[in-house]
Amino acid sequence: MTNYPYNSPIKCIILSLSLVICSTLSAQQQPYKKQSQSDFWDKVQFGGGLGLGFGSGYTDISVAPSAIYNFNPYVSLGLGAQYSYVSQKDSYTSNLYGGSLIALVNPIDQIQLSAELEQLRVNVSVEDNSSNSTSTRNFWNTGLFLGAGYRTNNVTIGGRYNVLYNKNDAAYSSAFMPFVRVYF
(Lines give C-alpha, C1' and ligand atoms only; values in the text may rest on other atoms or scores of the structure.)
Protein backbone atom coordinates (compact mmCIF):
# COMPACT_ATOMS: atom_id res chain seq x y z
CA MET A 1 0.00 0.00 0.00
CA THR A 2 1.37 3.35 -0.99
CA ASN A 3 1.67 5.82 1.86
CA TYR A 4 -0.11 9.04 0.86
CA PRO A 5 0.11 12.05 3.17
CA TYR A 6 -3.70 12.08 3.64
CA ASN A 7 -4.13 8.45 4.66
CA SER A 8 -3.86 9.20 8.35
CA PRO A 9 -7.23 10.05 10.00
CA ILE A 10 -5.66 12.82 12.07
CA LYS A 11 -4.20 14.44 8.99
CA CYS A 12 -7.62 14.26 7.27
CA ILE A 13 -9.37 15.89 10.26
CA ILE A 14 -6.76 18.66 10.46
CA LEU A 15 -7.00 19.28 6.73
CA SER A 16 -10.82 19.38 6.88
CA LEU A 17 -10.83 21.79 9.84
CA SER A 18 -8.29 24.01 8.08
CA LEU A 19 -10.49 24.21 4.98
CA VAL A 20 -13.61 25.03 7.06
CA ILE A 21 -11.80 27.74 9.06
CA CYS A 22 -10.27 29.28 5.92
CA SER A 23 -13.60 29.36 4.10
CA THR A 24 -15.31 30.90 7.17
CA LEU A 25 -12.63 33.59 7.44
CA SER A 26 -12.88 34.29 3.72
CA ALA A 27 -16.67 34.65 3.96
CA GLN A 28 -16.31 37.11 6.86
CA GLN A 29 -14.06 39.37 4.83
CA GLN A 30 -16.71 39.91 2.15
CA PRO A 31 -18.93 42.94 2.83
CA TYR A 32 -22.28 42.11 4.35
CA LYS A 33 -25.22 43.13 2.24
CA LYS A 34 -28.61 43.03 3.87
CA GLN A 35 -31.03 41.03 1.80
CA SER A 36 -34.26 42.93 1.27
CA GLN A 37 -37.40 42.28 -0.68
CA SER A 38 -36.97 45.48 -2.66
CA ASP A 39 -34.50 48.31 -3.09
CA PHE A 40 -37.27 50.96 -2.76
CA TRP A 41 -35.73 52.71 0.25
CA ASP A 42 -32.31 52.80 -1.42
CA LYS A 43 -33.82 55.12 -4.05
CA VAL A 44 -35.58 57.47 -1.60
CA GLN A 45 -33.99 60.77 -0.54
CA PHE A 46 -35.20 63.11 2.19
CA GLY A 47 -34.63 66.83 2.36
CA GLY A 48 -36.41 70.11 2.09
CA GLY A 49 -35.90 73.58 3.41
CA LEU A 50 -35.91 75.70 6.54
CA GLY A 51 -36.31 79.45 6.60
CA LEU A 52 -35.90 81.99 9.38
CA GLY A 53 -36.19 85.72 9.02
CA PHE A 54 -36.24 88.27 11.83
CA GLY A 55 -36.25 92.03 11.83
CA SER A 56 -37.66 95.00 13.67
CA GLY A 57 -41.06 93.60 14.63
CA TYR A 58 -40.94 91.11 11.72
CA THR A 59 -40.85 87.31 11.95
CA ASP A 60 -40.80 84.74 9.15
CA ILE A 61 -40.48 81.01 9.93
CA SER A 62 -40.81 78.28 7.26
CA VAL A 63 -40.48 74.50 7.42
CA ALA A 64 -40.78 72.46 4.21
CA PRO A 65 -39.77 68.77 4.46
CA SER A 66 -39.93 66.60 1.35
CA ALA A 67 -39.02 63.18 0.01
CA ILE A 68 -38.25 62.08 -3.54
CA TYR A 69 -37.97 58.73 -5.26
CA ASN A 70 -35.16 58.44 -7.83
CA PHE A 71 -36.41 56.33 -10.72
CA ASN A 72 -32.99 56.63 -12.35
CA PRO A 73 -30.16 59.23 -12.34
CA TYR A 74 -32.29 61.55 -14.49
CA VAL A 75 -35.86 61.51 -13.12
CA SER A 76 -37.24 61.83 -9.57
CA LEU A 77 -40.76 62.32 -8.21
CA GLY A 78 -41.76 63.24 -4.70
CA LEU A 79 -44.03 64.77 -2.09
CA GLY A 80 -43.58 67.74 0.17
CA ALA A 81 -45.28 69.49 3.06
CA GLN A 82 -44.99 73.13 4.07
CA TYR A 83 -45.77 75.41 6.98
CA SER A 84 -44.97 79.14 7.14
CA TYR A 85 -45.65 81.75 9.78
CA VAL A 86 -45.16 85.42 8.89
CA SER A 87 -45.88 88.33 11.21
CA GLN A 88 -45.33 92.09 11.10
CA LYS A 89 -45.99 93.69 14.49
CA ASP A 90 -49.16 95.83 14.53
CA SER A 91 -49.80 95.04 10.85
CA TYR A 92 -50.54 91.44 9.85
CA THR A 93 -50.08 87.76 10.67
CA SER A 94 -50.30 84.87 8.23
CA ASN A 95 -50.15 81.10 8.42
CA LEU A 96 -49.64 79.02 5.28
CA TYR A 97 -49.77 75.23 5.24
CA GLY A 98 -50.20 72.57 2.62
CA GLY A 99 -48.50 70.07 0.37
CA SER A 100 -46.88 69.66 -3.00
CA LEU A 101 -45.99 67.19 -5.72
CA ILE A 102 -42.56 67.62 -7.24
CA ALA A 103 -40.89 66.29 -10.39
CA LEU A 104 -37.14 66.70 -10.93
CA VAL A 105 -35.26 66.09 -14.17
CA ASN A 106 -31.46 66.13 -14.40
CA PRO A 107 -30.54 66.20 -18.11
CA ILE A 108 -26.87 66.49 -17.06
CA ASP A 109 -25.30 66.25 -13.60
CA GLN A 110 -25.02 70.02 -13.06
CA ILE A 111 -28.50 71.07 -14.27
CA GLN A 112 -31.78 70.31 -12.51
CA LEU A 113 -35.18 71.20 -13.99
CA SER A 114 -38.25 71.07 -11.75
CA ALA A 115 -42.03 71.23 -11.82
CA GLU A 116 -43.89 71.58 -8.53
CA LEU A 117 -47.63 71.64 -7.99
CA GLU A 118 -48.37 73.27 -4.63
CA GLN A 119 -51.66 73.60 -2.76
CA LEU A 120 -51.63 75.93 0.27
CA ARG A 121 -54.22 77.04 2.76
CA VAL A 122 -53.62 80.72 3.53
CA ASN A 123 -54.92 82.38 6.72
CA VAL A 124 -54.22 86.12 6.96
CA SER A 125 -55.16 88.58 9.72
CA VAL A 126 -54.64 92.26 8.92
CA GLU A 127 -54.77 94.86 11.68
CA ASP A 128 -56.07 98.34 10.88
CA ASN A 129 -54.59 100.63 13.52
CA SER A 130 -56.60 103.69 12.43
CA SER A 131 -59.96 101.98 13.10
CA ASN A 132 -58.62 99.56 15.73
CA SER A 133 -60.06 96.56 13.84
CA THR A 134 -58.79 93.29 12.41
CA SER A 135 -59.88 91.68 9.16
CA THR A 136 -59.22 88.06 8.29
CA ARG A 137 -59.00 86.32 4.97
CA ASN A 138 -58.76 82.54 4.47
CA PHE A 139 -58.34 80.96 1.05
CA TRP A 140 -56.70 78.15 -0.91
CA ASN A 141 -53.82 79.00 -3.24
CA THR A 142 -52.62 76.74 -6.04
CA GLY A 143 -49.21 77.26 -7.56
CA LEU A 144 -47.47 75.55 -10.46
CA PHE A 145 -43.77 76.33 -10.24
CA LEU A 146 -41.40 75.64 -13.13
CA GLY A 147 -37.77 75.96 -12.19
CA ALA A 148 -34.15 75.40 -13.07
CA GLY A 149 -31.03 75.27 -10.98
CA TYR A 150 -27.35 74.46 -10.73
CA ARG A 151 -26.75 71.16 -8.93
CA THR A 152 -23.65 69.99 -7.09
CA ASN A 153 -23.81 66.79 -5.03
CA ASN A 154 -27.00 66.98 -2.90
CA VAL A 155 -27.56 70.74 -3.24
CA THR A 156 -29.37 72.65 -6.00
CA ILE A 157 -29.46 76.46 -6.18
CA GLY A 158 -31.81 78.11 -8.63
CA GLY A 159 -35.08 79.89 -9.29
CA ARG A 160 -38.67 78.91 -9.92
CA TYR A 161 -41.59 80.76 -11.49
CA ASN A 162 -45.29 80.30 -10.58
CA VAL A 163 -47.13 80.15 -13.90
CA LEU A 164 -50.50 80.33 -12.06
CA TYR A 165 -49.59 83.48 -10.14
CA ASN A 166 -52.44 85.96 -9.59
CA LYS A 167 -51.40 89.06 -7.61
CA ASN A 168 -54.96 89.55 -6.30
CA ASP A 169 -55.19 86.08 -4.78
CA ALA A 170 -51.64 85.00 -4.04
CA ALA A 171 -49.79 83.47 -1.13
CA TYR A 172 -46.52 85.03 -2.28
CA SER A 173 -45.63 88.61 -3.20
CA SER A 174 -43.98 87.62 -6.48
CA ALA A 175 -44.28 84.90 -9.12
CA PHE A 176 -40.49 84.37 -9.13
CA MET A 177 -38.79 82.71 -6.15
CA PRO A 178 -35.16 81.73 -5.66
CA PHE A 179 -34.56 78.38 -3.94
CA VAL A 180 -31.96 76.16 -2.33
CA ARG A 181 -32.92 72.47 -2.44
CA VAL A 182 -31.05 69.83 -0.37
CA TYR A 183 -31.62 66.05 -0.41
CA PHE A 184 -29.77 63.34 1.53
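**Pockets, core and loops in a predicted model**

Reader: Let's start with Ser87; which strand is it in?

Author: Ser87 has its place in strand β3, and please keep in mind that what we are looking at is a predicted model.

Reader: Is Ser87 buried or exposed, and why?

Author: Ser87 counts as buried because its relative accessibility is 13%, and the cut-off for buried is under 20%.

Reader: And what does Ser87 touch, not counting residues up to four places away in sequence?

Author: With those left out, Ser87 touches Gly57, Tyr58 and Thr59, and also Tyr92 and Thr93.

Reader: How much accessible surface does the protein have?

Author: The accessible surface comes to about 12800 Å², and carbon and sulfur atoms account for 60% of that area.

Reader: Changing topic to pockets: what volume does the largest pocket have, and which residues lie nearest its centre?

Author: Its volume is about 1100 Å³, and of the 48 residues that line the largest pocket, those nearest the centre are Ser62, Gln82, Arg160, Tyr172 and Met177.

Reader: Which strand gives the most to that lining?

Author: That is β8, which gives eight residues to the lining of the largest pocket. Several strands supply at least two residues each, among them β1 (44-55), β2 (58-70), β3 (75-88) and β8 (176-183).

Reader: How does the lining of the largest pocket divide by class?

Author: By class, 25 of the lining residues are nonpolar, 16 are polar and seven are charged.

Reader: What about the second largest pocket, how is that one lined?

Author: The second largest pocket, with a volume of about 170 Å³, is lined by 15 residues, and Gln45, Ile68, Asn70, Gln112 and Arg151 are those nearest its centre. Its lining divides into four nonpolar, nine polar and two charged residues, and β2, β4 and β8 each supply at least two residues.

Reader: Which residues make up the largest nonpolar core?

Author: The largest nonpolar core has eight residues in all, namely Leu96, Leu120, Val122, Val124, Phe139, Phe145, Tyr172 and Met177. β5 and β6 are the elements that give two or more residues to this core, and β5 gives the most, with three.

Reader: Last topic, backbone angles: where does Asp90 lie, and what is its phi near?

Author: Asp90 lies in the loop between β3 and β4, and its phi is positive, near 60°, in a residue other than glycine. As background, most residues other than glycine have a negative phi.

Reader: And what is the phi of Asn153?

Author: Asn153 is not a glycine either, and its phi is positive at about 55°; this residue lies in the loop between β6 and β7 (155-162).

Definitions and conventions
Residues are numbered from 1 along each chain as its sequence is written. This is a predicted model: local features need pLDDT of at least 70, side-chain atom pairs count only at pLDDT 80 or more; totals for chains, interfaces and linings use all residues. Side-chain values use heavy atoms; hydrogens and water are left out. On a 1 Å grid over the protein atoms alone, a cavity is a set of points where a 1.4 Å probe fits but cannot get out, and a pocket is an open set with protein on both sides within 12 Å along at least five of seven lines; lining residues have an atom within 4 Å of a point. Grid points are joined across faces, edges and corners, and a volume is the space filled by probe spheres set on the points. Helices (H or I, at least four residues) and strands (E, at least two) are DSSP runs, numbered from the N terminus. Ala, Val, Leu, Ile, Met, Phe, Trp, Tyr, Cys and Pro count as nonpolar, Asp, Glu, Lys and Arg as charged, and the others, Gly among them, as polar. Buried means under 20% relative accessible area, exposed over 50%, partly exposed in between (1.4 Å probe, protein chains only). Contact means heavy atoms within 4.5 Å. A nonpolar core is a set of buried Ala, Val, Leu, Ile, Met, Phe, Trp, Tyr and Cys residues joined through side-chain atoms within 4.5 Å. Accessible areas come from the Shrake-Rupley method with a 1.4 Å probe; for residues, only the protein chains shown count as cover.
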